[in-house]
Amino acid sequence: MFTLKVALFVGIVAVCAAHMCMLSPAQRGSLVGFNKVGAADCYLKTGPCGGRPKSENYVTLKAMQNLTVVLQKNLDHYSTTDPGQFTISFGATEGSGMKMLGMIPDTSEQSLSLYAMNVTIPSVSSGQYVLQSVYITNNPKTLLFYECADIMIM
Ligand SMILES: *[C@@H]1O[C@H](CO)[C@@H](O)[C@H](O)[C@H]1NC(C)=O
Ligand SMILES: *[C@@H]1O[C@H](CO)[C@@H](O)[C@H](O)[C@H]1NC(C)=O
């Protein structure tokens with residue numbers, strides 16, 4: 001009986017972990033099943049890019065361009081006391097040194113809701129860059145979910 005309770009508890013914790021996908025620009029690697037709550041492709045917890053390697057699948061953009069980034073809160077983790085947020089960052093390499101381009105607070109919108117944010121690509125020279133989105137949830141404690149897109153600046 002004790003083991004059963006532990007198993008149930010662990011199961012509930014796993015289900016409660018939030019999820020986030022980046023729909024546009026499309027995230028690295030696969031992006032499937034996201035119309036259902038709790039999709040595996042929206043559950044990447046390893047920073048800075050969800051543990052997914054750099055791809056050759058570039059999204060081509062221009063320096064100084066305005067871009068609407070569309071994220072999906074695949075599994076809601078909102079808390080009224082400590083709402084959390086979504087951030088968008090950009091850099092020549094993933095990880096430290098990326099510049100934050102924008103941030104929007106999490107809201108009480110239900111799972112599968114979309115969050116759109118306008119950002120401006122910095123004035124950078126042409127080449128390869130990474131755009132990173134992070135869902136920072138504070139419920140029940142700080143948990144981070146990562147997605148990256150590979151960008152080619154013309
Ligand atoms: C990008 O957005 C900024 C802020 O909204 C605006 O001032 C600027 O004119 C826009 N740039 C282009 C190229 O549309
Ligand atoms: C993004 O910018 C466009 C053009 O200025 C505007 O129409 C749109 O409402 C903005 N979207 C968001 C999510 O702020």
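**Burial of phenylalanine 145**

Is phenylalanine 145 buried or exposed? In this predicted model, phenylalanine 145 has a relative accessible area of 0% and is therefore buried. The residue belongs to strand β8, which spans residues 143–153.

**Aromatic pairs and cluster**

The structure contains 5 aromatic pairs. One of them joins tyrosine 43 to phenylalanine 145 in a tilted arrangement, with a centre-to-centre distance of 6.0 Å and an angle of 35° between the planes. Because tyrosine 43 sits in the loop between β1 (19–24) and β2 (59–61) while phenylalanine 145 sits in β8, the pair ties together parts that are 102 residues apart in sequence. Tyrosine 43 has a relative accessibility of 30% and so counts as partly exposed.

The pair formed by phenylalanine 86 and tyrosine 135 is stacked, because the ring centres are 4.4 Å apart and the planes meet at 15°, and the cut-off for stacking is under 30 degrees. This pair also links distant parts of the chain: phenylalanine 86 is in strand β4 (residues 85–91) and tyrosine 135 in strand β7 (residues 127–137), 49 residues apart. Phenylalanine 86 is buried at 0% relative accessibility, and tyrosine 135 is likewise buried at 0%. One aromatic cluster comprises Tyr43, Phe86, Tyr115, Tyr135 and Phe145.

Aspartate 106 lies in the loop between β5 and β6. With a relative accessible area of 3%, this residue counts as buried. Its side chain makes polar contacts with the side chains of two tyrosines: tyrosine 115 at 3.4 Å and tyrosine 135 at 2.7 Å.

In soluble globular proteins, nonpolar side chains tend to be buried together. Here, the largest nonpolar core has 24 residues, and those with the most contacts inside it are Val69, Leu71, Phe90, Leu131 and Ile151. Two or more residues come from each of β1, β3 (66–75), β4, β5 (99–105), β6 (113–120), β7 and β8. The greatest contribution is that of β8, with 5 residues.

Leaving aside neighbours within four places in sequence, leucine 71 is in contact with Met20, Cys21, Met22, Phe86, Ile88, Ser113, Leu114, Tyr115, Met117 and Ser133.

Key. Residues are numbered from 1 along each chain as its sequence is written. Chains are lettered from A and ligands numbered from 1 in the order in which they are written. This is a predicted model: local features need pLDDT of at least 70, side-chain atom pairs count only at pLDDT 80 or more; totals for chains, interfaces and linings use all residues. Side-chain values use heavy atoms; hydrogens and water are left out. Rings of Phe, Tyr and Trp (its six-membered ring) pair if their centres lie within 6.5 Å; planes under 30 degrees apart count as stacked, over 60 as edge-to-face and the rest as tilted. Helices (H or I, at least four residues) and strands (E, at least two) are DSSP runs, numbered from the N terminus. Buried means under 20% relative accessible area, exposed over 50%, partly exposed in between (1.4 Å probe, protein chains only). A nonpolar core is a set of buried Ala, Val, Leu, Ile, Met, Phe, Trp, Tyr and Cys residues joined through side-chain atoms within 4.5 Å. Contact means heavy atoms within 4.5 Å. A polar contact is a pair of N or O atoms within 3.5 Å; within protein, one must be able to donate a hydrogen and the other to accept it, and residues adjacent in sequence count only if both atoms are side-chain atoms.
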